[in-house]
Amino acid sequence: MSYPTDFLVKEPKTELNYFFNLLIDNIPFYFIRFSDGETEILHNRYLEIRSCETEFNGKVIKTTYKELDYKKFDPAINEDFRNDLLKSAEFRKNNFYKGIPTRHNNAIEDTELMIQLNGGSLTNLTFSDLFLNSNYLRFRKLVLNYLLKRKSGYIIGNYRSKLIGPLSDFDLLTIPDNVFSDYHKYLELHLEILCNSPKGTLVLSSASSYTNILGYYLYCIRPDLTFIDIGTSLNDYLSLPLNTRFYHCLLENGVKGLYRKIKYITSDNYKLLW
């Protein structure tokens, strides 16, 4: 199966179907995502998410993130973390895919940075929001049907996670809040476990920017595995909050839920644009 190369007409559903066909055909691949947090680190700018505010790109913004989302990147302290994240951004192999910010993210600087780090090529780049926004409900339907048949694998997630539903039989490998400060220890531990897993093992990761680093190092040793950054798209099956991102409203019920869904679907944040 060849990957589409005409990125000028990149279509979200087609991209999503491509990766699910790889899953169904048992073709190993890696998919990691570079969203605004990852690109901020690549730009080597101070980043901190606290209880009521976020320091981002030199500005302090009022936010309402949960404790499990707290993180801090300090260029003066976390140089190793950035260097490893940079390695994952520059890494290029046939079945190693990277999601990057695109037109709907309104982050031209970040888009250009990711293309530059990919050697100026668009090959194996796709939407960082591939499983989210207008693709979210379709992704959920496809992935849940697949997981019910798959039944086993690994999840990398916050230590508060408790796996339920289609993830019940998966093995959980945990990370702490703000894993940036102590990531070497967890990287060594997780690599030791995952590198000894059977060929074709499925690894799903919901571990912020650490996912990109783990995915890069794991690929270098075990490219025969399948590794997917799921972000917060399956939070409910990790027993984690499902109201922390705009797209989560698509799963809400009732009159208030319907109102939020309509408001979101008609907003500029909903549609994926390459």
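## Basis of the report

Contact means that heavy atoms lie within 4.5 Å.

The model is predicted, so local features need pLDDT of at least 70 and side-chain atom pairs count only at pLDDT 80 or more, whereas totals for chains, interfaces and linings use all residues. Residues are numbered from 1 along each chain as its sequence is written, and side-chain values use heavy atoms, with hydrogens and water left out.

## The loop residue S152

Helices (H or I, at least four residues) and strands (E, at least two) are DSSP runs, numbered from the N terminus. S152 is placed in the loop between α5 and β8 (154-158). With 40% relative accessibility, S152 is partly exposed. S152 and V203 are 51 residues apart along the chain, and their C-alpha atoms are separated by 9.3 Å.

## Nonpolar cores

A nonpolar core is a set of buried Ala, Val, Leu, Ile, Met, Phe, Trp, Tyr and Cys residues joined through side-chain atoms within 4.5 Å. The largest such core has 40 residues, and those with the most contacts inside it are L42, I156, L194, Y210, L214 and L218. Helix α7 (residues 210-221) gives the most to this core, namely six residues. Apart from this core lies another, of 37 residues, which includes Y18, L130, Y136 and L250.

## Aromatic pairs

Rings of Phe, Tyr and Trp (its six-membered ring) pair if their centres lie within 6.5 Å; planes under 30 degrees apart count as stacked, over 60 as edge-to-face and the rest as tilted. A search of the whole structure finds 22 aromatic pairs. One of them, formed by F127 and W274, is edge-to-face, with 5.3 Å centre to centre and 85 degrees between the planes. F127 lies in strand β7 (residues 125-127) and W274 in the segment after α8, so this pair ties together parts that are 147 residues apart in sequence. F127 is buried, at 0% relative accessibility.

F131 and F139 form a stacked pair, 4.4 Å centre to centre with 15 degrees between the planes. F131 is buried at 6% relative accessibility, and F139 is buried at 2%. Ring pairs also link F131 and F139 with Y18, F19, F20, F29, F31 and Y97 into a cluster.

## The cavity

On a 1 Å grid over the protein atoms alone, a cavity is a set of points where a 1.4 Å probe fits but cannot get out, and lining residues have an atom within 4 Å of a point. Grid points are joined across faces, edges and corners, and a volume is the space filled by probe spheres set on the points. The whole structure has one cavity of 30 Å³ or more, and the largest cavity holds about 50 Å³ of space.

The lining of the largest cavity consists of F19, F20, L23, F29, F131, F139, V143 and I228. Its largest share, three residues, comes from α1, while α1 (12-24) and α5 (136-150) each supply at least two residues. Ala, Val, Leu, Ile, Met, Phe, Trp, Tyr, Cys and Pro count as nonpolar, Asp, Glu, Lys and Arg as charged, and the others, Gly among them, as polar. By this division, the lining has eight nonpolar residues, no polar and no charged.

## Asparagines in loops

Most residues other than glycine have a negative phi. N57, however, has a positive phi of about 55 degrees although it is not a glycine. N57 is in the loop between β3 (53-56) and β4 (59-62) and is partly exposed at 38% relative accessibility. N124 also has a positive phi, near 65 degrees. The place of N124 is the loop between α4 (108-117) and β7, where N124 is buried at 8% relative accessibility.

## An exposed phenylalanine

F246 lies in the loop between β11 (226-229) and α8 (254-265). With a relative accessible area of 64%, F246 is exposed. Leaving aside neighbours within four places in sequence, F246 is in contact with Y264 and N269.

Conventions. Buried < 20%, exposed > 50% of the residue type's maximum accessible area, 1.4 Å probe, protein only. 1 Å grid on protein atoms, 1.4 Å probe; cavity = no way out; pocket = protein on both sides within 12 Å on 5 of 7 lines; lining within 4 Å.
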